[in-house]
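Have a look at the structure first, then we'll dig in.

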Amino acid sequence: MTRLPSLLLATTALTLATQASAQEELNALVWCDHTDPALIEPFEKAHDVKVNLREYEGTGAALALLEQSRPGDWDVLVIDGIDVFRAVEAGILAELPADELPTADFFPEVVMAENNGADGKTYAVTEKFGYNTISYNAAKVDPADMESLSTVWGEKYNGRISIYDYYLPVMGLAALADGIETAKIGEGDLETIGSTLSTMRSRAVSVAGVVAAQTALATGEVDIVVGGGEWLTAVLAAEQPDLTWTIPKEGAVRWTQSIGVLETSEKKDLATEFVKYIVSPEGQSRLATSSCFWGMPANAKAGEMLTDDQKKVLRWDDQPDYLARTQLYPAPSSDLDIEMQDLWLETLQQ
């Protein structure tokens, strides 16, 4: 008699464990802003699914992971907006139902239908955007100096600068400083851009990734981050209000990130529901204020779910001006891209 309750408990536990293990799962390759439980858990509860997230940095890393994986291992991919075409050309993204995506509610400049599709089909959708520009400590530098790229990396701030370690936006800023449009960068512009990069690098104490650059600014190791922006300082605004950012008179580089469903996914319907959740006003408001980094939601209706303080940090009311004064990342051809990477590496070694 005494063994029966124990046996029943054991059987119940085994049944629950079996049910838990049988829960449907979705696997996503993402950037760190998607790993916030506040973003993921509402979808998991609504669909009774476990979302497994693998964080990566750089499109090349994602493509390498996919090459090393079996078909069906991954269902969702978050990718830099300018690199969607690479994923489409490689045949790794599935077509999305364009009529089910709320792009009519997006900021028009970030719909970017041509970037997110091909041959009239939609393969990805913009989910978040922001700016690679100048972040700085307003208590340590003259804010007026940050309003022009010509003074940001001048002699005055020698040894007080860190450079974000992604070549495209930083070279884009160098181009803007030289009066070159990011979309028109050609081989003939590299010498000029290279000279500006050399000056920039000579003033910098480090070339750093997201976390390292953020830490350096927060701890006072540096006072300026070239290539920074709201994504670098917004999460620090409450505790360190002097850490801020600006878009200089020459402009800045606009980043976008997109999300899509992988062609080899065996759960395309569920993966599509995840994409639709991410670009819904609810998902967008949570993604915009992720604990990893903040950024502007592509869906303007997310503003109805953000607090006034959150919108102030994101500079919601300034977006029309910012969108008009910024340019997209450089999108060089394969040959030019190799030359730009080589130039970047040469600069880092100086």
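Q: How many aromatic pairs does a search of the whole structure find?
A: Keep in mind that this is a predicted model. Searching the whole structure for aromatic pairs gives a total of twelve.

Q: Are the rings of Y131 and W245 stacked or edge-to-face?
A: A pair of aromatic rings is described by the distance of the centres and the angle of the planes. For Y131 and W245 the centres are 6.1 Å apart and the planes sit at 20°. Planes under 30 degrees apart fall in one class, so the Y131 and W245 pair is stacked.

Q: Which strands does the pair of Y131 and W245 link, and how many residues apart are they?
A: Y131 belongs to strand β6 (residues 125-137), while W245 belongs to strand β10 (residues 243-246). That ties together distant parts of the chain, 114 residues apart.

Q: Is W245 buried or exposed?
A: The cut-off for buried is under 20% relative accessible area. W245 has 4%, so W245 is buried.

Q: Which residue puts its charged end over the ring of W245?
A: W245 is in one aromatic cluster with F107, F129, Y131, W316 and Y322. The charged end over its ring is 4.1 Å from the centre, and it belongs to R315.

Conventions:
Residues numbered from 1 in each chain as written. Predicted model: local features only at pLDDT ≥ 70, side-chain atom pairs only at ≥ 80, totals over all residues. Heavy atoms only, no water. Phe/Tyr/Trp six-rings, centres within 6.5 Å; stacked < 30°, edge-to-face > 60°. Helix = DSSP H or I, 4+ residues; strand = E, 2+ residues; numbered from the N terminus. Buried < 20%, exposed > 50% of the residue type's maximum accessible area, 1.4 Å probe, protein only. Lys NZ or Arg CZ within 6 Å of the ring centre and 35° of its normal.
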